[in-house]
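Thanks for coming, everyone. Let me put the structure up, and then we will walk through a few residues and some salt bridges.

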Amino acid sequence: MKIIVPMAGRGSRLRPHTLTVPKPLIPVAGKSIVHRLVEDIAKILKEPIEEVAFILGDPAFFGDDLVASLEELAGSLGAKASIYRQDLPLGTGHAIMCAKESLSGPAVIAYADTLIRADFELDPAADAVIWVKQVDQPEAFGVVKLNQNNEIIELVEKPKEFVSDLAVIGIYYFKEVGDLKKELQGVLDNNIQNGGEYQINDGIKAMMANGKVFKTGSVDEWMDCGNKDVTVETNSRMLGFLHNDGEHLVDYDVQLENSTIIPPCYIGENVVLKNATVGPNVSIGKGCHVIDSSIKNSLVQTYSQIKNANLDNAMIGNHVVYDGKFTSISIGDYSVLE
């Protein structure tokens, strides 16, 4: 089994945090989005992963440190890491075809901007599976249309009239991903574009037209990391899941002085808490100092100093110095507010 991970986009909706760090490397509950996504998919598949192929953007932004972390991630699964580049933002289908050398055999394709919680078996009768989640407002999503055999017969983007309430979440399984490769090559050769881009959906529609059977796979939880507010919410939800799973989330060397931690929280190594109340639903990365402050429902990355703060629904980057009374804030890396 292979996992293909397109992650070339810079994540403009999550600025300022993605001005210096690609969105898939933003930490959620102490671990980057892409690490959590790939590890969770591997758990769901319950079979050996032979290769993880990552499609990255500009090397000036997606640099050597990122490549090294992705190689380490693949290695932790006993898999080979393959690194590809998408030089131009020409859509999901184009991104996948940048990894065409890896497009053979069974594979999962997953976009690195969401997290899931799921436990199910792949349908052996299906040529492909599209993961979906039941939603309250299907008109805001791409959805699948099913026939009487619960096979997917159509993909509909943001339907004005009700088609179904099963939203496509951006994770796909192909029994033979080479079939998708063949159809996407036709999309590129025939310059079939939507919104000026080459889309995976056009390859999938061509597979359906050729008789391939698509089924749905349902997830229990689907968590977005598109902007600051939903990323903070996703951090809170993931902390709750990990806490209920019994994971140890607070590093043993945290220095506490007249401070309280209200779970669930992730607290990294070498964190100092002085006259502070932290939690619930807070992640604080390694090397941070929190002094004379209260923090809840927030995400703080690494090596930041927080003083005299009362934070709620806040997201703070790496190496930030913050001393102030604002509450719902979003501060990028290396900022100083005193």
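Let's start with Ser-236. Its relative accessibility is 14%, so Ser-236 counts as buried. The cut-offs: buried means under 20% relative accessible area, exposed means over 50%, and partly exposed is in between, with a 1.4 Å probe and protein chains only.

Before going on, a word on the source: this is a predicted model, where local features need pLDDT of at least 70, side-chain atom pairs count only at pLDDT 80 or more, and totals for chains, interfaces and linings use all residues. Residues are numbered from 1 along each chain as its sequence is written, and side-chain values use heavy atoms, with hydrogens and water left out.

Back to Ser-236. It sits in helix α6, residues 228-244. Helices (H or I, at least four residues) and strands (E, at least two) are DSSP runs, numbered from the N terminus. What does Ser-236 touch, leaving aside its neighbours within four places in sequence? Asn-281 and Asn-297. Contact here means heavy atoms within 4.5 Å.

Next, His-289. This residue lies in strand β19, residues 289-296. His-289 is partly exposed, at 34% relative accessible area. Val-271 is 18 residues away from His-289 in sequence, yet their C-alpha atoms are 5.8 Å apart in space. Neighbours within four places aside, His-289 contacts Val-272, Ser-304, Gln-305 and Ile-306.

Now the salt bridges. How many does the structure hold? There are 6. The term means a side-chain nitrogen of Lys or Arg within 4 Å of a carboxyl oxygen of Asp or Glu.

One of them joins Arg-117 and Asp-245, at 2.6 Å, N to O. Arg-117 is in strand β7 (residues 114-117) and Asp-245 is in the loop between α6 and β14 (255-257), so this pair ties together parts 128 residues apart in sequence. Arg-117 is partly exposed at 22%. Asp-245 is partly exposed too, at 49%.

Another pairs Lys-215 with Asp-123, at 2.9 Å, N to O. Lys-215 belongs to strand β12 (residues 214-218) and Asp-123 to the loop between β7 and β8 (128-134), so parts 92 residues apart in sequence are tied together. Lys-215 is buried, at 16%. Asp-123 is partly exposed, at 27%.

Last pair: Lys-212 and Asp-179, with their closest N and O atoms 3.6 Å apart. Lys-212 is in the loop between α5 (200-209) and β12, while Asp-179 is in helix α4 (residues 177-189), 33 residues apart. Lys-212 is partly exposed at 32%, and Asp-179 is partly exposed at 25%.
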